[in-house]
Amino acid sequence: MNALTETWQIHNRINLYLLDAIDEGNLGDISSSKGRTVGEQFAHMHNVRLMWLKAADPVLLTGLDKVDKENISKAKLGEALKASSLAIEQLFEKAGTDGKVKGFKPHATGFLGYLVSHESHHRGQIMLTLKQAGHPVDKKIQFGIWEWGTR
């Protein structure tokens, strides 16, 4: 396993760590500035992964489905994020650290940076939405998402 894949795995475990800390009933929380609900934010992360897989290596999409707005639950989101993460791992293993990802420039390391940045942006939106809705995540979780060495 290469370092890109290992880094991606840590990142995805942090997404799942946050998802696990959220009450099922709070997946419908929405920001005061509108936009996506908490559940829709997680679904969006998964669905964007599928979009990139379709462009880079459609074979890796086998068995993966989009998460619809109408079908959001913690279990569904957890399963989807785990499955799409495995497909992204395979993409990184094929590309290697110096390789290319079809449809993305400049290279696989840049692609990892893009994905982590995109999903971390949404993690921040999720945490802000929960706070605005009166359901902030516990301080342990707030600090825990930064514990990359233990996730």
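Predicted model: local features only at pLDDT ≥ 70, side-chain atom pairs only at ≥ 80, totals over all residues.
# Aromatic pairs, helix contacts and backbone features

The structure holds 7 aromatic pairs. Six aromatic residues, namely W8, W52, F92, F104, F111 and Y114, form one cluster.

**Aromatic pairs**

- The ring centres of W52 and Y114 lie 5.4 Å apart with their planes at 75 degrees, and because planes over 60 degrees apart count as edge-to-face, this pair is edge-to-face.
- W52 belongs to helix α2 (residues 38-56) while Y114 belongs to helix α4, so the pair ties together parts of the chain that are 62 residues apart in sequence.
- With a relative accessible area of 12%, W52 is buried, whereas Y114, with a relative accessible area of 32%, is partly exposed.
- In the pair made by F104 and F111 the ring centres are 5.2 Å apart and the planes stand at 65 degrees, so this pair is edge-to-face.
- F104 counts as buried at 14% relative accessibility, and F111 counts as buried at 0%.

**Helix α1 against helix α4**

- The axes of helix α1 (residues 3-21) and helix α4 (residues 108-132) come within 11 Å and cross at roughly 10 degrees; because angles under 35 degrees count as roughly parallel, α1 is roughly parallel to α4.
- On the α1 side the contact is made by L4, T7, W8, H11, I14, N15 and L18, and on the α4 side by A108, T109, L112, L115, V116, E119, S120, R123, I126 and M127.

**T129 in helix α4**

- T129 has its place in helix α4 and, at 3% relative accessibility, counts as buried.
- When neighbours within four places in sequence are left aside, T129 is in contact with D29, I30, S31 and V38.

**Helix α3 and the residue that follows**

- Helix α3 (residues 74-95) has 22 residues and reaches 31 Å from its first C-alpha to its last, which is close to the 32 Å expected at 1.5 Å a residue.
- G96 follows α3, and the phi of G96 is positive, near 70 degrees.
- G96 and E147 are 51 residues apart in sequence, and their C-alpha atoms are 25 Å apart in space.
- E147 has its place in the segment after α5 (139-144) and, at 36% relative accessibility, counts as partly exposed.

**Backbone features in the loops**

- The peptide bond from K105 to P106 is cis, with omega near 15 degrees, and P106 has its place in the loop between α3 and α4.
- K34 is found in the loop between α1 and α2, and its phi is near 75 degrees, a positive value in a residue other than glycine.
- K34 is exposed, with a relative accessible area of 59%.

Key. Residues numbered from 1 in each chain as written. Heavy atoms only, no water. Axes fitted to C-alpha atoms, helices over the stretch in contact; angles between N-to-C directions. Helix = DSSP H or I, 4+ residues; strand = E, 2+ residues; numbered from the N terminus. Parallel < 35°, antiparallel > 145°, perpendicular 65-115°, else oblique. Contact = heavy atoms within 4.5 Å. Expected span 1.5 Å × (residues − 1). Phe/Tyr/Trp six-rings, centres within 6.5 Å; stacked < 30°, edge-to-face > 60°. Buried < 20%, exposed > 50% of the residue type's maximum accessible area, 1.4 Å probe, protein only.
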